[in-house]
Amino acid sequence: MRIPFNKPYMTGKELHYIAEAHANGHLAGEGSFTKQCHAWLEARTGTHKALLTHSCTAALEMAAMLIGIEPGDEVIMPAYTFVSTANAFVLRGAVPVFVDIRADTLNIDETKIAAAITPRTKAIVPVHYAGVACEMDTIMAIARRHQLWVVEDAAQAVMSTYKGRALGSIGDLGAYSFHETKNIISGEGGALLVNHPDLVARAEIIREKGTNRSQFFRGQVDKYTWVDIGSSYLPGEIIAAFLWAQIGEADAITRRRTALWDTYHQGLAGLAEAGLIERPRIPEACGYNAHLYYILLPDVERRSALIEALKQHDIYAVFHYIPLHTAPAGLSYGRADYALPITDNIAGRLLRLPLWLGLEAYQAGVIGRIIDALAG
């Protein structure tokens with residue numbers, strides 16, 4: 001059987017809820033399913049306000065507007081991340097300042113942040129790689145000391161925690177993704193968590209094309225009008241209905257993914273002990289959601305060889321980001337004031353393994369092929 005890297009999971013309730021949304025006669029945004037998703041996210045994370053968006057990228061773009069990013073501002077972030085982390089702020093004229101990552105979690109190295117701060121710095125954007133938390137206590141302390149905003153890119157971190165707190169709910173703002181490659185999905189989709197109460201009213205306005213339409217529908221104003229910058233960031237009710245089906249199974253999905261993650265970790269222990277690979281490390285303070293399982297090969301040549309060996313058996317494992325500080329746009333719009341040796345090293349060695357619900361029946365075979373390729 002062909003083993004893809006990702007296979008979107010259906011709970012079985014998605015089509016029923018989509019039909020219900022259609023029967024309700026409300027397919028645009030902010031219908032009953034959207035409100036139910038908002039309520040669940042708020043209860044689950046403790047955020048002041050959750051707002052569904054059509055992508056995590058949209059949530060990050062909203063965050064950039066909310067914290068008042070202007071041309072020439074600087075935003076500190078890791079280079080080992082998806083392009084949206086930087087793009088959302090570049091669109092407002094900011095300069096991404098890239099810093100290195102930690103070798104254990106592959107998250108932003110909190111000990112490198114202070115050296116990257118200048119009088120132009122406006123925000124820090126920690127990215128919770130693989131759903132494992134950054135060292136948020138330290139990051140928040142740095143931000144408060146320098147009066148900086150913190151925007152959590154928690155795209156991969158739905159259902160993950162740091163010292164018992166939901167990721168995305170610790171900084172001033174947090175962004176989630178419900179893309180089909182994530183744990184909880186709606187095809188495309190995302191959410192903005194507004195943790196700073198003073199930002200809630202403006203977040204609703206930005207999300208509604210810069211109008212006070214949300215206040216109008218709550219009866220707080222007798223008509224709505226254009227009052228600020230904004231864009232159309234609402235998902236439709238079909239997306240929200242699909243997401244609501246997934247949210248209902250969020251705990252069960254997380255348990256099954258965790259079991260798959262643990263099976264990889266145990267099954268590949270021998271290769272790690274032999275020094276043929278390195279496995280992920282989860283700090284004690286982090287409650288992880290098993291978003292992805294990766295291994296680190298000794299070098300890019302052996303990673304490429306393993307990718308090809310697995311592909312011969314219809315098993316599709318993939319590498320991850322091209323570091324942003326080396327990308328053409330990263331060189332044009334951002335900067336790295338210091339060398340990023342860990343980022344450069346990890347980018348050439350990391351390999352993500354297939355992890356999706358339903359893989360249980362085939363996972364032993366995947367592990368066996370990896371062992372054969374590396375130690376056979």
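Biologist: Which residues of α1 and α9 meet?

Modeller: Contact here means heavy atoms within 4.5 Å. From α1, the residues E14, Y17, I18 and A21 meet E237, I238, A241, F242, W244, A245 and Q246 of α9. By class, this contact of α1 with α9 has eight nonpolar, one polar and two charged residues. Ala, Val, Leu, Ile, Met, Phe, Trp, Tyr, Cys and Pro count as nonpolar, Asp, Glu, Lys and Arg as charged, and the others, Gly among them, as polar.

Biologist: What should I know about the model and the labels?

Modeller: The model is predicted, so local features need pLDDT of at least 70 and side-chain atom pairs pLDDT 80 or more, while totals for chains, interfaces and linings use all residues. Residues are numbered from 1 along each chain as its sequence is written, and side-chain values use heavy atoms, without hydrogens and water. Helices (H or I, at least four residues) and strands (E, at least two) are DSSP runs, numbered from the N terminus.

Biologist: At what angle do α1 and α9 cross?

Modeller: Two packed helices are described by the angle between their axes and the distance between the axes. The axes are lines fitted to C-alpha atoms, for helices over the stretch in contact, with angles from 0 to 180 degrees between N-to-C directions. For α1 and α9 the crossing is at roughly 145 degrees, and the axes come within 8 Å. This crossing is right-handed, the near helix being turned clockwise from the far one by less than a right angle.

Biologist: Which residues of α1 are buried?

Modeller: Buried means under 20% relative accessible area, exposed over 50%, and partly exposed in between (1.4 Å probe, protein chains only). In α1, which spans residues 14-24, the buried ones are E14, Y17 and A21. They lie on the same side of α1 because their arc around the axis is only 70 degrees, taken from the directions from the helix axis to the C-beta atoms. An α-helix has 3.6 residues a turn, so residues three or four places apart point the same way. The cover over the buried residues of α1 includes α2 (32-45) and α9 (237-247). Exposed residues L15, H16, H22 and A23 sit on the face turned away from that buried side. Just after α1, G25 has a positive phi of about 75 degrees.

Biologist: How many residues of α3 are buried?

Modeller: In α3, 10 of the 11 residues are buried, among them C56, L60 and M65. Their cover includes β1 (49-53), α4, β5 (149-153), β8 (173-177), β9 (190-194) and α7.

Biologist: How does α3 pack with α7?

Modeller: The axes of α3 (residues 56-66) and α7 (residues 200-207) are 10 Å apart, at an angle of about 125 degrees. That angle makes α3 oblique to α7: under 35 degrees counts as roughly parallel, over 145 as roughly antiparallel, 65 to 115 as roughly perpendicular and the rest as oblique. M62, M65 and L66 of α3 meet R202, A203, I206 and R207 of α7. This contact of α3 with α7 divides into five nonpolar, no polar and two charged residues.

Biologist: Is S84 buried or exposed?

Modeller: S84 counts as buried because its relative accessibility is 9%. The residue belongs to α4 (residues 83-90) and, leaving aside neighbours within four places in sequence, is in contact with T57 and L60.
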